[in-house]
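Hi,

Here is the model for you to look over. My notes follow below it.

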Amino acid sequence: MSGVPSEEITEVKKTQIRQEVKKSVQENGHAPGMLRKILKRAVIVLREKIQARKMPKVKTVTVDMKEFMQIQEVYQSLCNIQKSLKSIDTQIKKKQNRLDQLTGLAGMFKGSEKQKLINEISALMAKRERQCDQLKRTVKKSGYRNVDAFMKAFHEAEKLVEEYKKLEKSKIEPEKKVQKKKSIHERLKQTNAEAKERNTTEMKRPKRQARGVEL
């Protein structure tokens, strides 16, 4: 989906930033320019993950299917968050490009601008992580296991809606049309339920007790 899961963002921060900074300090001390290079590599890794999880454009479908309309509302919320993520990525890229331009340039004002850019990129990456968390919270709030499970259900629902729309225009007998519509509704409900099933099971699972403390 689209969006990159917060677990992957945290892993990138850990492996591409924290561990790399620690290693660099141990090997080179506080060498000028190393933080910029580390941040640049982390941004590249995130950008690759983003490209792999781009969400499709919003599709507005008007169909008399309550089940699909509920799914579409969640999808619209995810797309709004994705729009925010795209804006953040654009800002990160712009600031990273400017930081690259300043690399190797000396002077008090240049040094001040470099540090400001580094701080702004770090703040944007933290903001991006919060937005990715919001993606997960949005689907969880609606009962879905995760973003991937929701997107799979959404795409399957789209196919069923297309089938429904074709059926509406068909000239088959009214009785058969009603039966086929009912079948599509049931399949849509099943698709939606399957995307929520594991999450519902986890929510109902009895909580363990340890030393009198609820876990």
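The classes use relative accessible area: buried is under 20%, exposed is over 50%, and partly exposed is in between (1.4 Å probe, protein chains only). Glu-120 sits in helix α4. Helices (H or I, at least four residues) and strands (E, at least two) are DSSP runs, numbered from the N terminus.

Some ground rules. This is a predicted model; local features need pLDDT of at least 70, side-chain atom pairs count only at pLDDT 80 or more, and totals for chains, interfaces and linings use all residues. Residues are numbered from 1 along each chain as its sequence is written, and side-chain values use heavy atoms, with hydrogens and water left out.

Confidence

pLDDT is the predictor's confidence in each residue, from 0 to 100. The protein averages 75, and 61% of the residues score at least 70. Helix α3 has the highest confidence, at 88, while strand β2 (residues 213–214) has the lowest, at a mean of 32. Two stretches deserve a look. Residues 58–62 have pLDDT below 50, with twelve contacts in the model beyond near neighbours in sequence. Residues 200–215 also stay under 50, and the model has seven contacts for them beyond four places in sequence. Contact means heavy atoms within 4.5 Å.

Cores

A nonpolar core is a set of buried Ala, Val, Leu, Ile, Met, Phe, Trp, Tyr and Cys residues joined through side-chain atoms within 4.5 Å. The largest one has 25 residues, and Ile-71, Val-139, Tyr-144 and Phe-150 have the most contacts inside it. The elements giving two or more residues to this core are α3 (66–102), α4 (108–141), α5 (147–169) and α6 (174–204). Helix α5 gives the most, with ten. Another core lies apart from it, with twelve residues, including Ala-42, Leu-99, Ile-121 and Leu-124.

Thr-138 is also in helix α4. Thr-138 is buried, at 14% relative accessible area. Not counting residues up to four places away in sequence, Thr-138 touches Val-74, Ser-77, Leu-78 and Ile-81.

Aromatic rings

The structure holds four aromatic pairs. Rings of Phe, Tyr and Trp (its six-membered ring) pair if their centres lie within 6.5 Å; planes under 30 degrees apart count as stacked, over 60 as edge-to-face and the rest as tilted. Tyr-144 and Phe-150 are edge-to-face, 4.9 Å centre to centre with 75° between the planes. Phe-150 and Phe-154 have ring centres 6.2 Å apart and planes at 25°, so this pair is stacked. These two are four residues apart in helix α5, so about one helical turn separates them. The relative accessibility of Phe-150 is 0%, so Phe-150 counts as buried. Phe-154 is buried too, at 1%, and so is Tyr-144, at 2%.

Ring pairs join Phe-68, Tyr-75, Tyr-144, Phe-150 and Phe-154 into a cluster. Leaving aside neighbours within four places in sequence, Phe-150 is in contact with Ile-71, Val-74, Tyr-75, Leu-78, Val-139 and Tyr-144. Lys-196 lies over the face of Tyr-144, 5.0 Å from the ring centre. That label requires NZ of Lys or CZ of Arg within 6 Å of the ring centre and within 35 degrees of the ring normal.

Best wishes
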